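Biologist: I am new to this one. Please pick a single part and take me through it closely, step by step. Then show me what lies around it.

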Amino acid sequence: MNVQTEQAKRPVITIVLVIINAAVWCIMEFFGDTQDGAFIAKYGGMYLEIIDTGEWYRLFISMFLHFGAEHLANNMILLAAAGSKLENAAGSFQYLVIYLGAGLLGNVLSLYHMFQTGDYAVSAGASGAVFGIIGALVWTAVRNKGSIEGLSVKGLLLMIALCMYYGITTAGVNNWAHAGGAAGGFFLCVLLYRKRQNA
């Protein structure tokens, strides 16, 4: 009975995150062109030269900015689908910590790569955090005999591999944020996830 109650809970944090991301995009789009890198950089996108002046808060803010409607939609569809499963499995607080922590870790790895290569591209989006959710689901599946809510370890790893392959073969995709987010989500979940006992 308790298990059914847990499964019936609405994924409140996931819903709120989707709303925040969509609202930020709508506001940004109202005042300018969200597909313009200079516009995104001006209002919080990750950009090496600006962050190097001390604006480290961009590592966080850039997680809620998106380049156009398609970029937003792709991330929010994955967030809604995968996030609701992780929130239900791990709990709302742990889920939020994993989401934000993985997103930040992904951005830190991306920034490190920018410093190493001198890449001056503007970066933004929730995909590092979304990859963190998928990475975290891998661990929850491992802890639950190989699957969680219909998702298997093999299926989740294949999803990560396909998404990374798409990123590698497509211009303008921040693969370092994706890789860092997935790894960060996995290890944060190792620390935070506690398998629930059936009552």
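Modeller: A82 lies in helix α6, which spans residues 68–90. A helix here is a DSSP run of H or I with at least four residues, numbered from the N terminus. Keep in mind that this is a predicted model, where local features need pLDDT of at least 70, side-chain atom pairs count only at pLDDT 80 or more, and totals for chains, interfaces and linings use all residues. Residues are numbered from 1 along each chain as its sequence is written, and side-chain values use heavy atoms, with hydrogens and water left out.

A82 is buried, at 10% relative accessible area. The scale has three steps: buried is under 20% relative accessible area, exposed is over 50%, and partly exposed is in between (1.4 Å probe, protein chains only). Next come its partners. A82 touches I133 and L137, with residues up to four places away in sequence left out of the list. Contact means heavy atoms within 4.5 Å. Now look along the chain. L151 is 69 residues away from A82, yet their C-alpha atoms are separated by 9.7 Å.

Move on to M28. This residue lies in helix α2, residues 12–31. M28 is buried as well, with a relative accessible area of 12%. Beyond four places in sequence, M28 touches T34, F39, I40, Y43 and L65.

Rings of Phe, Tyr and Trp (its six-membered ring) pair if their centres lie within 6.5 Å; planes under 30 degrees apart are stacked, over 60 edge-to-face, and the rest tilted. By this rule there are seven aromatic pairs. One of them joins F30 and F31: the ring centres are 5.1 Å apart and the planes stand at 90°, so the pair is edge-to-face. Both F30 and F31 are exposed. Elsewhere, ring pairs link W139, F186 and F187 into a cluster.

Charges come next. Side chains of opposite charge can pair when their charged atoms come close. A salt bridge here is a side-chain nitrogen of Lys or Arg within 4 Å of a carboxyl oxygen of Asp or Glu. The whole structure holds one. R58 makes that bridge with E55, and the closest N and O atoms are 2.7 Å apart. R58 is buried, at 4% relative accessibility. E55 is partly exposed, at 24%.

Now take a helix pair. Two packed helices are described by the angle between their axes and the distance between the axes. Helix α7 (residues 92–117) packs on helix α10 (residues 175–192) at about 140°, and the axes are 7 Å apart. Axes are lines fitted to C-alpha atoms over the stretch in contact, and angles run from 0 to 180 degrees between N-to-C directions. The crossing of α7 past α10 is right-handed. On the α7 side, the contact includes Q94, V97, I98, G101 and S110. On the α10 side, W176, A177, G180 and G184 are among the residues involved. By class, 10 residues in this contact are nonpolar, 10 are polar and none is charged. Gly counts as polar in this scheme.

Zoom in on S110 of helix α7. S110 is buried, at 2% relative accessibility. Neighbours within four places in sequence aside, S110 contacts M46, N174, W176 and A177. T117 also belongs to helix α7. At 48% relative accessibility, T117 is partly exposed. From T117 to N144 is 27 residues in sequence and 40 Å in space, C-alpha to C-alpha.

Finish at I168, in helix α9 (residues 153–168). I168 is exposed, with a relative accessible area of 61%. K85 is 83 residues from I168 in sequence, and their C-alpha atoms are 27 Å apart.

Terms used: Helix = DSSP H or I, 4+ residues; strand = E, 2+ residues; numbered from the N terminus. Left-handed = near helix turned anticlockwise from the far one by under 90°.
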